[in-house]
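Me: Can you walk me through this model? I'll ask as I go.

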Amino acid sequence: MFLRRLAVIVPRSTRFFSSKDSLDLASTIAELNKEMESVFGEPPPDGLANSGNRSCMAQDAHHNSHVILGSTNNKFAAQELSSISHHLGENTPGLSHVGSTGKAQMVDVSPKENSSRTAIASCKVVLGKKVFDLVLANQMAKGDVLTVAKIAGINGAKHTSTLIPLCHNITLAHVRVDLRLNSEDFSVEIEGEAASTGKTGVEMEAMTAVSIAGLTVYDMCKAASKDIQVTDIRLECKTGGKTGYWCREE
């Protein structure tokens, strides 16, 4: 009879093993003690209750140690992030298009002095041999690829402030876009230059020029191949402004 009654109790007590609440363990042990007392006529030895208490205490201590360790780790991580942010703030220039509240903003250039500014950018369009030969022979269905791309690049430079939302609408004094076929890797090499006299640089205008020219080459040739790649868009050099002359080191 005792075994049957114990079998009824024990399944209920197994919930302790799937629960993290130490109160479940205490109530289960108390219920089991009462059943054993009703069967044997006396309460069980103190060892059962004590072992349950020790188990509860061990679980609580284990849980608390995780809480304390997690809190310590979070505090340490926050201190590290604060230190890194402080270090970056001292050693790197700020992002001028981000305001004090972290929102995007257009830079106020009114306090700056006018200066002569130039920028040169480059880009490459990898065609593959088949398309390269068609462009070289001017046999593309849409027409003269290099001439159309050149005009598109110049037009793109003049619309930079429309395409790039936080760029200033500046007056360009000069835009140059050159395209050259490279038979070594079957590509079109594009170079763009922009010049202006004003309070802000023309780097974006030069890079927009080569980007639009590269995309136009793709558009003119995509019927012959979808494997064409527009790559390596980058600033090569710039002059004028607060930072003065800068040139990419190879």
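Me: What do the buried residues of α5 pack against?
Reply: They pack against α4 (129-136), α6, β2 (174-182) and α7 (203-221). Helices (H or I, at least four residues) and strands (E, at least two) are DSSP runs, numbered from the N terminus. Contact means heavy atoms within 4.5 Å. This is a predicted model: local features need pLDDT of at least 70, side-chain atom pairs count only at pLDDT 80 or more, and totals for chains, interfaces and linings use all residues. Residues are numbered from 1 along each chain as its sequence is written, and side-chain values use heavy atoms, with hydrogens and water left out.

Me: Which residues of α5 are buried?
Reply: V145, A149, G153, G156 and A157. Seen down the axis of α5, these buried residues fall within an arc of 95°, so they line one face of the helix. The arc is that of the directions from the helix axis to the C-beta atoms. Buried means under 20% relative accessible area, exposed over 50%, and partly exposed in between (1.4 Å probe, protein chains only).

Me: Why would residues three or four places apart point the same way?
Reply: An α-helix has 3.6 residues a turn, so residues at that spacing point the same way.

Me: Which residues are exposed on the other side of α5?
Reply: I151 and K158.

Me: How many residues does α5 have, and what does it span?
Reply: Helix α5 covers residues 145-158, which is 14 residues, and reaches 20 Å from its first C-alpha to its last. That is close to the 20 Å expected at 1.5 Å a residue; the expected span is 1.5 Å times one less than the number of residues.

Me: On to α6. Where is L163?
Reply: L163 is in helix α6, residues 160-163. L163 is partly exposed, with a relative accessible area of 49%. Together with I164 and M204, L163 makes a nonpolar surface patch of about 230 Å². Like charges are joined within 9 Å, and nonpolar side chains (Val, Leu, Ile, Met, Phe, Trp, Tyr) within 5 Å.

Me: Loops next. What is the phi of N138?
Reply: Near 55°, a positive value in a residue other than glycine. Most residues other than glycine have a negative phi. N138 is in the loop between α4 and α5 and is partly exposed, at 44% relative accessible area.

Me: And what is the phi of F186?
Reply: The phi of F186 is also near 55°. F186 is in the loop between β2 and β3 (187-198), partly exposed at 26% relative accessibility.

Me: What does C247 touch, leaving aside neighbours within four places in sequence?
Reply: C247 is in contact with E236 and C237. C247 lies in strand β5, residues 246-247, and is partly exposed at 35%.

Me: Last one: how many helices and strands does the chain have?
Reply: There are 7 helices and 5 strands, in the order α-α-α-β-α-α-α-β-β-α-β-β. Buried residues make up 29% of the 250 residues.

Notes:
Patches are made of residues with over 30% relative accessible area and no salt bridge: like charges are joined within 9 Å, nonpolar side chains (Val, Leu, Ile, Met, Phe, Trp, Tyr) within 5 Å. Accessible areas come from the Shrake-Rupley method with a 1.4 Å probe; for residues, only the protein chains shown count as cover. A salt bridge is a side-chain nitrogen of Lys or Arg within 4 Å of a carboxyl oxygen of Asp or Glu.
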